[in-house]
Amino acid sequence: MKLQFTKMHGAGNDFIVIDSTEAPFTMTTNQLRFIADRHLGIGADQILIVEKARTPDTDFRYRIFNQDGGEVEMCGNGARCFARYVYDRGLTTKKKIRVETMKGIIQPELQDDGRVKVDMGAPRFRPEEIPLNTTGLSHLSRASDTLWEVKAAGYNNWVSVVSMGNPHAVMVVGDVEQAPVSTVGPAIENHPAFPERVNVGFLQAVSRTEGKLRVWERGAGETLACGTGACAAAVAGMRRGLFDSEVELQMHGGRLRIEWDGTPTGSVFLIGPAATVFTGEIDVPAI
Ligand SMILES: N[C@@H](CCC[C@H](N)C(=O)O)C(=O)O
């Protein structure tokens, strides 16, 4: 099968974008893993599928697959690339679109400064919304947040849990560069307390408006940036009383801005770059 694709990135989190507005999406898990492979295929953290809207109140439908081939609910950096892609390819003339995902509607908007601002919807914190199995876990309160003790890789990790449609565990560390991302990250990702696995954020608060973040992503490993991870970390930091309602997070691949008014139904806004790198065609084997 010959596959036309576009390679994009948002703050270094890279994507293969496939236009399925005219033909149904039929790729197998093995084929997705093949194109995402950095040695054998194109290489990417995630694969984004652009589909036609299925409901009258949305403009498009958006599907996301991790590098390991698993379909997931949400992707913040991908949402910005999605909006840039459909506008630049003439699939819409709207700068603000409504996009259906597995977990509700998001609204990305192209800004005049070239960045994209996404209304990511409201964060969720209840264990069953993550999901987090709290059986046997200790917990404590920190300002308006609850921290859960997840023992993994030899550490007693106290994490905030946040759903941005997809699951996140966030821990505050003194220095992100010294954080045990590649050992504690996969150990928490696959911990039995998270039955659907989890993305793991390591957050360093620098001031009330600035932080540093590294994320071990479910199904992809450590990435240069994670948009939903940045939203989850910012919200966790705000609930712990570390941040004001607007914060910029520096990640290895770039800087993301997050705004949240702190109310239970208030949307989290994610602002950052979205860039096209190249387009191409790949021969995908029948695997
Ligand atoms: N990189 C993404 C998140 C992609 C999905 C995530 N790995 C998951 O499994 O939930 C982002 O920018 O949000």
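How many bridges join strand S6 to strand S7? Three, between S6 at residues 99–101 and S7 at residues 104–110, and the two strands run antiparallel. Before I go on, this is a predicted model: local features need pLDDT of at least 70, side-chain atom pairs count only at pLDDT 80 or more, and totals for chains, interfaces and linings use all residues. Residues are numbered from 1 along each chain as its sequence is written.

Some terms. Strands (E, at least two residues) and helices (H or I, at least four) are DSSP runs, numbered from the N terminus. Two strands pair if DSSP finds at least two bridges between them.

Back to S6 and S7. A hairpin of two residues connects them, and Val-99 sits opposite Ile-106 in S7. S7 is also joined to S8, residues 116–119, by four bridges, again antiparallel. There, Pro-108 has Val-118 in S8 as its bridge partner. Five residues lie between S7 and S8 in their hairpin, and Gly-114 in that turn has a positive phi of about 95°.

Next, helix H3, residues 181–189. Its buried residues are Val-184, Gly-185, Ile-188 and Glu-189; buried means 20 or more other C-beta atoms within 10 Å of a residue's own, with C-beta atoms placed from the backbone. Down the axis of H3, these residues fall within an arc of 130°, so they line one face of the helix. That arc is taken from the directions from the helix axis to the C-beta atoms.

Last, the domains. The assignment, automatic or from a database, gives domain 1 as 2–121 + 273–283 and domain 2 as 127–265. Their centres, over C-alpha atoms, are 24 Å apart.

Definitions and conventions
A residue is buried if 20 or more other C-beta atoms lie within 10 Å of its own, exposed if 12 or fewer, and partly exposed in between; C-beta atoms are placed from the backbone.
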